[in-house]
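Visitor: Hi! Could you walk me through this one?

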Amino acid sequence: MENFENMPRPEIILVADTVAKEKEIDKEDVFKAMEVAIQKAGRTKYGFEHDIRANIDRKTGAIALSRYREVVADDAVIENEAAQIRLSDALIYDKNYKVGDFIIDALPPIDFGRIAAQTAKQVITQKVREAERNKQYEEYKEKIGTIINGTVKRIEFGNVILDIGKTEALLRRDEIIPREKFKNGDRVRAYVLDVRREVKGPQIFLSRTCPAFMAKLFTQEVPEIYDGIVDIMAVSRDPGSKAKIAVRANDKTIDPIGACVGLRGIRVQAVVTELQGEKIDIVPYSEDKAQFIVSALAPAEVTKVVLDEEKNKIEVVVPEEQFSIAIGRHGQNVKLASQLVGADIDVLTEEQEQERRANENKVRLNRFIEALDVDDMIAHLLVAEGFSTVDEIAAVDLQELAEIEGFDEDVATELQNRAKDFVAKRNDEFVKKSKKLKIDESLKNVEGLDQDMVLKLAENGVKNIDDLADLAADELVDILGEGVISQQEANEIIMSAREHWFSDENTGESE
């Protein structure tokens, strides 16, 4: 390896310092960009097939230029003779070389010509831009989930491009509050939804319609929320129209709603103004789900809440005169309340509830009378005790049946035996009909379908899970009958049947 004296180049250090300060990037990134430029110039001089590498001394600015040749096995296929050398040939230079080592030959310093200098300048500029973009990406990535300010720079197809200082950000038209209009030069506040790394620099996506934007506005306006004394538990919005926010105080002496409203409503009004007059209901959060639901449906008065934890459904009963208030204009109030509590809310008047319960009880009564061969009175007693299917009677503890008022152990035993006989006979019948109708096992396992439903579907040509998945909800209701399932239940059954489509797609992608 020849030795070439590397002269100190203080001007190199000065350039690196100046560029790093001007562009606000790491000086090391500038040095690396310079090294790439020098390497490119070296390959231009000595040939692009050579592995030329440059190194700048970070203290003196001295430039070292070297040619690298990789040592490969004697039986290896040489892909590039200028950058590779066989082990037997390498051992001529030094007995200590082994496969994977590099033979490094020092090259004389390059006298940069005009073209080489121009190439170096282009490479440095490109690398500096890349470093700037990386710095911007890391800087704005940290701002995801915060509110930033910007100035409208231009509007393209309804999308607003904001100047946020060092770069631009995009406020898409579907993230703008309805009826909100902007013009060039307007100051805008928005929530940072996402930051993506792009070739031209970081792409920053903003929103003014997401629930988190409203939550952050309250955090800025309410010191108790900022300090963690009051927590925001949930937010739901119909942007530009109405919103609900659930709050809870960690200190019992603090009124969370009063804190959010502020003196003479000044705090909540500041948020309302920013959201273009969006009406905001501030709701007290409660660990008691029923109580939270009652608060979420305000200003409607609720008389009864029935929770179905398994199906994540809620049935709410209100007086006749409160029904329209609970539903809200175009269903807005109940939709926002459902989003706030994280479950579907079904609002009924007291009359509708009584009618529904009467219909359900009538179906159960007839089922028990027919299946168990009992009179109306015994069927009523079973319904009153909460039994809804013959299967429940067959499986319940015998003592529980015997403790029903008017029953004794003999009556309970007879009822359970009849229930077990009915279930066994029905199951046998189901197996026979399944074979005759050629019903696929996949259909029998769909959640929400009982045996009678499966048979009814098969009789109408729906014999496997894909047939069911192809149906629309109203078609399923028509086949089974409106009194059997609701539109919502039909939707849930069909979505359950379609789950395997998506899992199959994911499996295919992974393979």
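Predicted model: local features only at pLDDT ≥ 70, side-chain atom pairs only at ≥ 80, totals over all residues.

Visitor: Is tyrosine 68 buried or exposed?
Guide: Tyrosine 68 counts as buried, because its relative accessibility is 19% (buried means under 20% relative accessible area, exposed over 50%, partly exposed in between, with a 1.4 Å probe and protein chains only). Residues are numbered from 1 along each chain as its sequence is written, and side-chain values use heavy atoms, with hydrogens and water left out.

Visitor: Thanks. Which residue forms an aromatic pair with tyrosine 68?
Guide: Phenylalanine 102 does, in an edge-to-face pair with 5.9 Å centre to centre and 65° between the planes. Rings of Phe, Tyr and Trp (its six-membered ring) pair if their centres lie within 6.5 Å; planes under 30 degrees apart count as stacked, over 60 as edge-to-face and the rest as tilted. Tyrosine 68 is in strand 2 (residues 63-72) and phenylalanine 102 in strand 4 (residues 102-107), so the pair ties together parts 34 residues apart in sequence. Strands (E, at least two residues) and helices (H or I, at least four) are DSSP runs, numbered from the N terminus. Phenylalanine 102 is partly exposed, at a relative accessible area of 33%.

Visitor: What lies over the face of tyrosine 68?
Guide: Arginine 53, at 4.0 Å from the ring centre. The charged end of arginine 53 also sits over the ring of phenylalanine 102, 5.1 Å from its centre. For that label, NZ of Lys or CZ of Arg must be within 6 Å of the ring centre and within 35 degrees of the ring normal.

Visitor: How many aromatic pairs does the structure hold?
Guide: There are 2. Besides the one above, tyrosine 285 and phenylalanine 292 have ring centres 4.9 Å apart and planes at 65°, so that pair is edge-to-face. Tyrosine 285 is partly exposed at 25% relative accessibility, whereas phenylalanine 292 is buried at 5%.

Visitor: Changing topic: at what angle do helix 9 and helix 11 pack?
Guide: About 145°, with the axes of helix 9 (residues 289-296) and helix 11 (residues 332-341) 9 Å apart. Axes are lines fitted to C-alpha atoms, for helices over the stretch in contact, and angles run from 0 to 180 degrees between N-to-C directions.

Visitor: Which residues make the contact?
Guide: Helix 9 brings Lys289, Phe292, Ile293 and Ala296, and helix 11 brings Ala337, Leu340 and Val341 (contact means heavy atoms within 4.5 Å).

Visitor: Where is the cis peptide bond?
Guide: It runs from alanine 298 to proline 299, with omega near 15°. Proline 299 lies in the loop between helix 9 and strand 13 (304-308).

Visitor: And what about the phi of arginine 264?
Guide: Arginine 264 has a positive phi of about 55°, although it is not a glycine. Most residues other than glycine have a negative phi, and most peptide bonds are trans. Arginine 264 sits in the loop between helix 7 (256-261) and helix 8 (266-274), and is exposed, with a relative accessible area of 80%. Aspartate 373 also has a positive phi of about 55°; it is in the loop between helix 12 (350-372) and helix 13 (376-384).
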